[in-house]
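Biologist: I'm new to reading models like this one. Could you pick a single residue, take me through its surroundings, and then zoom out to the rest of the chain?

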Amino acid sequence: KSDEDLCGFRVACVQCEPVHGDRKTSFEKCLRLLDAFISNEKKECEKESMPLSIIQFPEMSFTGYTFDSREEIERLVEWDDEEEEEITRQFLSTIAKRFKCLASAGYVRGIRDANEIYNA
């Protein structure tokens, strides 16, 4: 293999307008966008393109970014002591398996004992 083959990678930066406060619908919307991108790429490329290495979503891309109060965002926090904390990771894992690459995103995380909420 050439050095180019060993060093090359592709990153997809996905910017999708979230449905504010509705992770599930935002997940579905992002997945449709990625499917359309891959499908369109296959139609338009004459040769097979390099597979994706990373799919990167921006911070809080599934919940929306601005909230008027802590109370408004608390229902979306993925607390460290609950299974709910896994919802974004599960979606990213699904994306990674489906597209055979890494997937990453920032999300609303909370540490219950410290009563802290932050953008992870």
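Modeller: Strands here are DSSP runs of E with at least two residues, helices are runs of H or I with at least four, and both are numbered from the N terminus. Before going on, a word on what you're looking at: this is a predicted model, where local features need pLDDT of at least 70, side-chain atom pairs count only at pLDDT 80 or more, and totals for chains, interfaces and linings use all residues. Residues are numbered from 1 along each chain as its sequence is written, and side-chain values use heavy atoms, with hydrogens and water left out.

Back to I55. Its relative accessibility is 0%, so it counts as buried. Buried means under 20% relative accessible area, exposed means over 50%, and partly exposed is in between, using a 1.4 Å probe and protein chains only. And who surrounds I55? Skipping its neighbours within four places in sequence, I55 is in contact with A12, V14, L34, I95, F99, C101, L102, A103 and S104. Contact means heavy atoms within 4.5 Å. Take F99 from that list: it is 44 residues away from I55 along the chain, yet their C-alpha atoms are separated by 8.8 Å.

Of the contacts with a separation of 6 or more, 71% are between residues 24 or more positions apart. Buried residues make up 34% of the 120 residues. Overall, the chain has four helices and six strands, running α-β-α-β-α-β-α-β-β-β from the N terminus.

K100 lies in the loop between α4 (87-99) and β4 (102-106). Its phi is near 55°, a positive value in a residue other than glycine. At 49% relative accessibility, N115 counts as partly exposed.

Last stop, the cysteines. A disulfide is a covalent bond between the sulfur atoms of two cysteines. The cut-off here is a pair of cysteine sulfur atoms within 2.5 Å, and the structure holds zero disulfides. Look at C16: the closest cysteine sulfur to its own is in C30, at 3.9 Å, so that pair is too far for a bond. C16 is buried at 10% relative accessible area, while C13 is exposed at 65%.
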